[in-house]
Amino acid sequence: MPTAGRASERLVWAVDTLAVGPSDRLLEVGCGHGVAIDLVCERLTTGTLTAIDRSPKMIATATRRNREHIDAARAVLEAVALEDADLGDQRFDKVFAFNCAPFRLQPEAAFGAVRGHLARSGTVHVFWDARGFAPDRTGDLGDELAGRVRQGGFSVDRILAEDLDPVPAVCVVGRP
Ligand SMILES: C[S@@+](CC[C@H](N)C(=O)[O-])C[C@H]1O[C@@H](n2cnc3c(N)ncnc32)[C@H](O)[C@@H]1O
């Protein structure tokens, strides 16, 4: 995984595209170092962010980075895999994941795990960087991810692409 420092530009872009409102309820799957947690929580007042990662090491790092948001009850972090997560009766306005394998490799299971936890008008935002794609082939990644969104039983709301350093990134927004 890239270091948190190099991750910043793509994660700033990603959180910008989420257009986080102050009362939004969000779920991040595969939060890694927790950089996006901080960027999201800065925009929340009454809203909350639940962030999960299957790696206890990543959650420990993300917890250290976001202690202030956790103490203020804006962020709740848990070391658990998406497929094992018990999200109870929580409903999210936005679910997002950046470079998180299940949404690309097991889309039926991954989208199925969050479908029942979306609020009315809730959306899923799947981000991926275009590492390994030729600069003029970023659209192929967008198309591939859009296919995964549809495989997961969602419709594709929009596909975004951004030219970032060191590589472009794409986002596909899905609705159930
Ligand atoms: C490539 S890292 C990306 C981390 C962060 N989203 C970022 O972009 O910097 C993928 C993260 O997803 C987590 N992950 C992979 N599969 C997962 C799953 N099934 N459930 C929860 N987290 C998962 C990994 O532990 C890892 O921290």
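Modeller: The model is a predicted one. Among the contacts in the protein chain with a separation of 6 or more, 65% are between residues 24 or more positions apart.

Colleague: Which elements does the protein chain contain, and in what order do they run?

Modeller: The protein chain has seven helices and seven strands. From the N terminus on, the order is α-β-α-β-α-α-β-β-α-α-β-α-β-β. The radius of gyration is 15 Å, close to the 16 Å that the globule rule gives for 176 residues, so the protein chain is as compact as a globular protein of that length. Along the principal axes, its C-alpha atoms fill a box of roughly 45 × 35 × 30 Å.

Colleague: In what sense does β5 pair with β4, and in what sense with β7?

Modeller: Strand β5 (residues 118-129) pairs with strand β4 (residues 92-98) in the parallel sense, over six bridges. Within that pairing, Val 95 has Val 124 of β5 as its bridge partner. The pairing of β5 with strand β7 (residues 169-175) is antiparallel and also has six bridges. There, His 125 stands opposite Val 173 of β7.

Colleague: How are β6 and β7 joined?

Modeller: These two strands run antiparallel and are joined by seven bridges. A hairpin connects β6 to β7 through six residues. The loop between β6 (155-162) and β7 holds Pro 166, and a cis peptide bond, with omega about 10 degrees, joins Asp 165 to Pro 166.

Colleague: How much of the protein chain counts as buried, and which residues touch the most other members of the largest nonpolar core?

Modeller: Of the 176 residues of the protein chain, 43% count as buried. The largest nonpolar core has 51 residues, and those touching the most other members are Ala 36, Ile 37, Val 40, Val 126 and Phe 127. Leaving aside residues up to four places away in sequence, Val 126 touches Ala 97, Phe 103, Leu 145, Val 149, Cys 171 and Val 172.

Colleague: Which residues other than glycine have a positive phi, and are they buried or exposed?

Modeller: Ala 19 has a positive phi of about 45 degrees, and its place is in the loop between α1 (4-18) and β1 (25-29). Because Ala 19 has 9 C-beta neighbours inside 10 Å, it counts as exposed; the cut-off for exposed is 12 or fewer. Ala 73 also has a positive phi, near 65 degrees, and lies in the loop between α4 (67-71) and β3 (75-79). With 8 C-beta neighbours inside 10 Å, Ala 73 therefore counts as exposed.

Colleague: Which residues come nearest to the ligand, and how does the shell around the ligand divide?

Modeller: There are 19 residues around the ligand, of which Gly 30, Gly 32, Ser 55, Leu 82 and Phe 98 come nearest. The shell divides into twelve nonpolar, four polar and three charged residues.

Methods:
Residues are numbered from 1 along each chain as its sequence is written. This is a predicted model: local features need pLDDT of at least 70, side-chain atom pairs count only at pLDDT 80 or more; totals for chains, interfaces and linings use all residues. Two strands pair if DSSP finds at least two bridges between them. Helices (H or I, at least four residues) and strands (E, at least two) are DSSP runs, numbered from the N terminus. A residue is buried if 20 or more other C-beta atoms lie within 10 Å of its own, exposed if 12 or fewer, and partly exposed in between; C-beta atoms are placed from the backbone. The radius of gyration is taken over C-alpha atoms; the globule rule is 2.2 Å times the number of residues to the power 0.38. Two residues are in contact if their C-beta atoms, placed from the backbone, lie within 7 Å. A residue is near a molecule or strand if its C-beta atom, placed from the backbone, lies within 6 Å of it. Ala, Val, Leu, Ile, Met, Phe, Trp, Tyr, Cys and Pro count as nonpolar, Asp, Glu, Lys and Arg as charged, and the others, Gly among them, as polar. A nonpolar core is a set of buried Ala, Val, Leu, Ile, Met, Phe, Trp, Tyr and Cys residues joined through C-beta atoms within 7 Å.
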